[in-house]
Structures are given as C-alpha cells and as structure tokens.
Amino acid sequence: MLPTSAMKKARMSQHKVESINQEECCVLCKQSDDDPALFGEKFTLKDPKLSVHYFCLLTACGVHQRGEEDEGVFGFLVKDIDKEVRRSIRLSCSVCKKKGACVGCYVTSCRKKVHYPCGRKLNFISQFTENFPSYCSDHSPSQTACVSADLSLPQSCSVCLDSIEPVLGYSVLKCPSCRHSWFHRDCVQRQAHSAGLFFFRCTLCSNKEDFQQEMLRMGIYIPERDASWELEANAYSDLLEVYEQCDASTCLCNDGRTHSYKSGWFEVIRCRLCGSTGTHRKCSGLKVDATDWACSGCTQATDGRASLATTPQGRQRKSQLSKRQLTPISSKSRLLSGGSPEQILQALGPQLRPLSVTLEVEGDQALSAGLELVRKPDFDPTHTLSVRFKDSLQISFPSSLQDSEMAKQHFLKLLVQQIQDSEVFEGPEGSKNLALDSKALRDDLYFDAGCLLALSLVHGSPVSFFSRALFQCLFNYPPNQPLSVKHMTPYTHVTCQVSRIAEAETLDDVKDVLEESWEFMELAGCNRPISRLQEREALVEDLVSFMMITRLQLPLQRFREGLQTLGVFDQVQLFPAVFLSVFCDTAVRLTAQTVDQIFTVNFSEQEERLSREKPVVAFWRNFLQDCEDGKTSISLQDLLSFSTGSEDLPVSVLLPPPSISFLHPVEAWRGESSRIRKRKEVCRDQGLFPQSQPASKHLLLPISSSYQAFKSSMEQVISHHVHLLPTES
C-alpha cells in the first residue's frame with residue numbers, strides 16, 4: 001500500500017496530465033489527433049485556452065465565419081465557437097455515442113449526427129465548397145466505373161503505388177478524365193494537402209480542372225495556396241551550387257583541385273554536356289581563353305563528337321534549333337474538346353501573322369522548296385505563305401496558278417504527296433509507316449517532314465496517308481493497344497519472317513525460321529531458345545515492338561518535334577479520336593451531298609432576283625448529282641478545284657467558308673415585246689458563265705432559264721479550267 005501522501009501526489013499528477021490532454025483536444029470533436037492532411041490544421045489559442053481542428057470548424061452545422069481573416073480562427077469568432085460547443089453538447093454521435101456531435105447530414109430528413117473524425121469512420125463525405133455540406137453514407141455522392149470489357153481494372157493506387165481493391169467506394173476514388181488512375185482517399189487527400197490548388201492534378205493524365213471539381217465533389221479538401229515544396233525556405237538552394245572541382249588525372253594547381261580562379265589557366269570550366277565534371281584549363285591542355293570543353297565520358301558517349309547538344313549538321317542545325325520552341329498553343333484551342341478538326345485547327349489560325357513569306361517553286365519540286373524554307377535560319381512558321389511557281393525551261397505556267405491562293409493549294413497538295421513518297425515513309429499508298437533511313441537521320445529530314453505536314457494542316461491541306469499503326473505510335477491512340485504483324489509494312493522480308501513465326505503450326509517450323517533469321521533475331525534481342533509453341537506469341541510481340549517502336553525511337557521523336565509547329569501535335573494529342581480521320585485514310589467518298597453541304601448560298605434581297613435564283617439552286621444540285629453519276633464531262637473533284645482551289649474537302653477553314661452567289665444578266669426594258677425578251681433570254685443563256693474566286697472560296701452561278709443551259713455553261717468553263725492545270729508526274 002502506498003502512503004496517503006504518495007497517493008495524493010499520484011492523483012494530482014494524473015489530474016494534471018488529464019488537464020493538459022484536455023487542453024490539447026479539439027473543443028468540437030474532443031480528439032487530440034494532429035494530422036493536417038486528414039483533419040486540417042489544429043489551432044490553439046492561449047487566451048482563451050482553446051484548440052480546434054480547421055475541418056471541424058468548416059463542417060460544423062452551427063458556426064459561420066463572421067469575422068475578418070485575422071480574428072479568432074480564420075474568421076471564426078471565439079464566441080461563435082463556444083456557442084457551437086454548447087449547441088452540440090446535447091447531440092449524440094452516431095459512431096462513438098458521445099455528446100458533442102456537430103456535423104449532421106445535409107439531407108433534411110436524415111437525423112445522423114457525428115464528430116468529424118467519427119464521420120470518416122462512418123463514410124461521411126464533407127464537401128469543402130459553398131455551404132460546406134456533409135452527407136452520410138446513404139446520401140453521399142458516388143462514382144461509377146465505366147470500364148469496357150477489353151480493359152482491365154487498375155490494381156494499384158496511382159499515388160502510393162500500393163495494391164488497391166478495384167471497387168469504387170468511400171475509400172477508393174478515380175480520376176474522371178482517364179480510366180487508369182484509381183487511388184486511396186487518404187492518399188489523394190495527402191496529395192491535395194501537399195500540392196495545393198495550383199499543382200493538384202491527376203498523377204497520370206495531368207488533368208487539372210475536371211479532376212479538382214470531381215475531388216471537391218467527393219469530399220477532398222484542396223487548400224488555396226501554393227505547393228508545400230514551393231513554400232519551403234531554400235528548397236532549391238542546391239540547384240544554385242556550381243560544380244567547381246578539377247577532375248583531370250593530374251591537377252597542376254598548387255592550391256588544389258577545389259580552387260578556382262576567376263579567369264586564367266586555373267579557372268575551373270565545366271563540361272558543356274553534363275555539367276558535372278570540371279577541369280582547370282592548364283590541367284587539360286586547353287587554351288587560356290577556352291570555354292568549350294567536354295569530359296571524356298561524354299566524348300565516348302557521343303562517339304568522339306561530344307555533340308549531344310547539337311545535331312550532326314553542326315552549325316546549320318543550331319539555326320534550326322531556334323524553331324523548336326515554336327508558337328505556343330492558344331488557350332482558345334484548348335477549350336474545343338467537343339469540336340471538329342476544322343474548329344480546332346481554325347483556333348490555331350490567329351497565330352498566322354499578316355507578314356507573308358514568298359516561296360518560289362521550281363517546276364513541281366514542292367518538297368525541295370519546302371525544305372529550303374524551313375531550314376532558313378530566320379524561318380518563322382507564323383508567317384503566311386505566298387507561293388509562286390516558275391519553270392527552269394522558261395515555260396510559263398497557266399494563268400490559274402498565278403492566283404496566289406490557288407498556287408498555294410496546288411503547292412501544298414504536291415508537297416504532301418512528295419513527303420508521302422519520300423524516304424521518310426514506307427508502305428502502300430494511303431497507309432504509310434515511318435521508315436528508318438540513316439541519311440534522313442543525318443539530314444534531320446524527319447523533323448522537317450513533321451514541320452511541313454503541320455504547316456500544311458494549318459494552311460488547309462489534308463494529310464490522310466498515315467497508317468493506323470503510325471498514328472498509334474505517335475499519339476498513343478487507341479491507348480495501350482498492342483501492335484500486331486498486320487500493322488507492319490507489308491511485303492518486306494522481315495514482315496514475311498515474322499508472319500511465318502506467327503502462323504507456324506509446329507515448334508519445328510518456328511525453329512526453322514529462327515535459324516534462318518538468327519542475325520535479325522540477335523539484332524532485335526530476341527535470339528532466345530523456344531521450347532513450347534505457345535512462346536511464339538510473346539516472341540512475335542517482341543519482334544513487332546522492335547520493328548515498329550524500338551528501332552524507330554529517334555525518327556519518331558524528331559517527327560513528333562516537327563509536328564509541334566504551331567501547336568499541331570499538342571492539339572492532336574489532346575483530341576486524337578477527332579484527328580484520326582485527318583491523318584489516316586478513312587476512304588470517305590466525295591458525294592454530291594457533301595459538296596452541297598459545304599457551300600453557303602447567299603440569296604438576293606430583291607424579290608424579282610430571288611425568284612430567278614431559287615431555280616438555279618435546283619439546277620446546281622442536279623448538276624452535282626450528274627457529276628457524281630458520271631453524266632457530265634467533269635467530276636466533283638474538278639468542280640471543287642474550280643470553286644475552292646482544292647480537289648479535297650478542306651481540313652481547316654481559315655479563310656471564309658465556301659459560298660455561292662449569282663450572276664444576273666442586264667435587266668430588260670419594260671417596254672420591250674415578249675418576242676424581244678425571249679430572244680434576249682436566249683442570248684443571256686449563251687453569254688453568262690460561272691466564275692470563281694478561290695482566294696475567298698466564292699462561286700458565282702449564272703442565272704439560266706433551263707437546266708441544259710446551266711449545265712452547258714458549267715461544263716465549258718470548268719473543263720477549260722481543268723485542262724489548264726499542270727498534270728502531276
């Protein structure tokens with residue numbers, strides 16, 4: 001038995017500890033937990049003595065911010081907090097059954113009350129927006145997993161990477177923008193607490209706006225501040241440290257390797273490639289004013305050229321590097337998530353400045369002229385193009401190509417066709433894959449081809465010759481779909497060998513192919529023994545991946561960087577499904593209906609003229625149908641070329657959309673007899689012909705008294721126009 005005095009001291013000590021613990025507890029939830037990410041910051045006031053969690057204040061039903069930010073606890077006055085404590089003292093918690101439950105379900109008919117920490121155990125969701133409502137598990141918002149049958153559910157949290165139960169609920173949430181980012185509630189709450197409003201986004205797809213809205217709806221608190229790593233004092237001080245040590249095999253400086261003068265023989269200069277190795281000039285036998293030096297490691301890694309920062313073209317490539325940071329994407333184009341390719345590319349149009357660059361094309365050498373343009377040191381993709389054709393044999397081109405817009409459209413069409421036929425691509429017409437060409441790599445032709453194709457798209461010329469496999473390799477659409485033998489370039493030796501492996505019916509057949517192609521298998525890293533026929537599928541997948549992706553890493557990278565011109569690549573990457581038909585041949589046939597739909601008819605306001613124009617519209621549509629059915633001497637492509645300067649439907653409409661108005665004859669005098677009027681009507685049919693303004697994509701239709709007269713005038717003029725165009729070799 002302890003003495004009475006000792007027992008008194010023990011009770012006093014225990015009472016003192018309980019008193020201290022009581023002061024540390026939150027006055028609303030009666031808990032002392034201090035986890036800012038899950039419960040908010042815990043504020044402790046000295047006068048009066050009071051501790052409270054920030055989330056408890058925000059979610060409590062009976063307390064509101066009635067003060068300024070510097071009053072009480074972030075505007076919550078002490079007297080209001082005390083009033084809320086007295087109000088909730090009569091309410092029992094549905095979880096712990098203790099008094100003081102200040103958080104209630106926002107649904108009026110629901111009577112569930114909890115402390116905020118207890119509510120987390122009962123799957124309460126509190127939304128930290130507007131009125132800060134809280135909902136019990138019966139009335140809380142939920143998410144649905146819209147995952148197709150061919151996609152597997154994620155098995156790990158995209159924040160902590162630990163395993164996750166792939167069932168959406170209170171503890172497991174998902175990103176609304178991508179189907180692959182699932183995470184624990186506590187993990188994403190801690191991420192939000194760390195990243196803050198300006199850096200909080202999906203860890204996989206980097207979506208910010210939709211992601212934040214969904215997380216707020218599902219009860220994640222996002223603090224309105226900068227990221228925690230940005231607020232840390234001297235967080236990036238290490239980046240300001242400069243490497244200053246001589247790493248030469250023999251250091252000649254009397255003051256040691258770590259000493260560096262401000263100039264002269266014993267100033268430490270750093271490797272221009274890695275920056276993590278240094279030397280005194282004297283120690284490496286450099287000139288006293290030398291600043292350009294590469295360490296032995298970088299020299300070996302670049303085959304002795306020490307030129308990772310520049311390309312094999314030396315100084316010429318340095319001028320081309322200035323165009324890598326091409327015009328940024330306009331914010332307007334990012335909002336067109338539901339738009340067509342025409343709308344998205346049209347949003348890039350304002351980047352084009354009124355300043356124009358004149359491009360002279362020798363004969364039909366469009367690709368040579370385009371390469372000469374983009375390789376100029378002062379090349380600026382935002383300048384508009386003005387094209388002029390010339391012939392080295394002094395044979396004048398037809399007058400139709402003297403029109404600037406028609407000349408530009410003809411140039412772009414030639415350019416796209418010649419890029420498709422160049423050494424950069426391989427495969428059948430309209431379904432091209434990237435080819436691996438060492439000379440094209442040295443000349444950086446992959447970048448230039450991407451740049452020219454991006455310019456062609458923005459200026460209104462379609463591409464439509466990529467294979468689906470090339471589109472997938474460039475933009476990962478459809479996402480995460482494995483490539484197969486059918487995606488490889490057909491009729492090549494390698495494709496035939498891989499096809500033989502894929503179609504082999506016995507293990508001996510597979511081994512025969514491996515023995516015949518052992519050099520290629522070794523080059524692809526697939527020269528491994530096959531003991532079962534089932535192993536051929538993995539082997540084929542590895543071979544296809546090597547041929548389509550691994551060996552083409554550098555060409556794909558340079559081609560992507562070229563497509564960055566004017567922000568085209570970024571737009572396609574944002575909306576790949578929209579642009580699939582732009583890059584890949586979807587075999588859409590030009591029809592009378594599609595041509596009719598792209599033209600806007602501008603009728604006259606005068607009733608007399610309007611009555612003459614309406615029948616001509618019917619003639620126009622009948623004529624389109626005859627062109628489609630082959631009942632005229634011209635085709636729909638000829639008609640489109642005459643009207644807009646392009647034989648294909650325009651990909652982007654940067655200029656005014658195609659339109660139609662009417663050519664009226666000179667009005668007859670009212671006093672003339674009907675015979676004279678009829679004679680003039682015949683003369684009118686014989687004297688009016690259609691006219692076009694390709695620069696503005698405007699077509700003028702003649703007012704005719706009959707369909708035969710209308711058809712005859714259209715055929716005469718358009719046939720004459722087609723025969724004047726140069727033929728493609």
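**Close-up views of the predicted model**

**View A. P381 is placed in the loop between helix 13 (366-374) and strand 12 (383-390).** Helices (H or I, at least four residues) and strands (E, at least two) are DSSP runs, numbered from the N terminus. The model is predicted, so local features need pLDDT of at least 70 and side-chain atom pairs count only at pLDDT 80 or more, whereas totals for chains, interfaces and linings use all residues. Residues are numbered from 1 along each chain as its sequence is written, and side-chain values use heavy atoms, with hydrogens and water left out. P381 has a relative accessible area of 4% and is therefore buried (under 20%; exposed is over 50%, partly exposed in between; 1.4 Å probe, protein chains only). Its C-alpha atom is separated by 7.0 Å from that of L566, 185 residues apart along the chain.

**View B. A504 occupies the loop between helix 18 (493-503) and helix 19 (507-516).** With a relative accessible area of 6%, A504 is buried. When residues up to four places away in sequence are not counted, A504 touches D509, V510, L533 and R536 (contact: heavy atoms within 4.5 Å). A504 and R536 are 32 residues apart in sequence, and their C-alpha atoms are 8.6 Å apart in space.

**View C. E214 belongs to helix 7 (residues 209-217).** E214 counts as buried because its relative accessibility is 14%. Its contacts, leaving aside neighbours within four places in sequence, are with Q143 and P176.

**View D. Q557 lies in helix 22 (residues 553-563).** The relative accessible area of Q557 is 40%, so this residue is partly exposed. Q557 and L474 stand 83 residues apart in sequence, with a C-alpha to C-alpha distance of 8.6 Å.

**View E. F411, F425, L453 and F466 have the most contacts inside the largest nonpolar core, which has 79 residues.** Such a core is a set of buried Ala, Val, Leu, Ile, Met, Phe, Trp, Tyr and Cys residues joined through side-chain atoms within 4.5 Å. Helix 16 (residues 445-458) gives the largest share of this core, eleven residues. Residues up to four places away in sequence aside, F411 touches L359, V361, A366, A369, G370, V387 and F389. Another core, of 30 residues, lies apart from it and includes L57, I81, C93 and F128.

**View F. The largest cavity has a volume of about 150 Å³.** On a 1 Å grid over the protein atoms alone, a cavity is a set of points where a 1.4 Å probe fits but cannot get out; lining residues have an atom within 4 Å of a point. Grid points are joined across faces, edges and corners, and the volume is the space filled by probe spheres set on the points. By this rule there are seven cavities of 30 Å³ or more. The lining of the largest cavity consists of 18 residues, of which Y116, R120, Y170, R185 and G219 lie nearest its centre. Two or more lining residues come from each of helix 2 (36-39), helix 5 (116-121), strand 5 (125-126) and helix 6 (185-199). Eleven residues of this lining are nonpolar, four polar and three charged.

**View G. The chain as a whole has 29 helices and 18 strands.** Of its 729 residues, 44% are buried. Among contacts with a separation of 6 or more, 62% join residues 24 or more positions apart.

Note on methods
On a 1 Å grid over the protein atoms alone, a cavity is a set of points where a 1.4 Å probe fits but cannot get out, and a pocket is an open set with protein on both sides within 12 Å along at least five of seven lines; lining residues have an atom within 4 Å of a point. Ala, Val, Leu, Ile, Met, Phe, Trp, Tyr, Cys and Pro count as nonpolar, Asp, Glu, Lys and Arg as charged, and the others, Gly among them, as polar.
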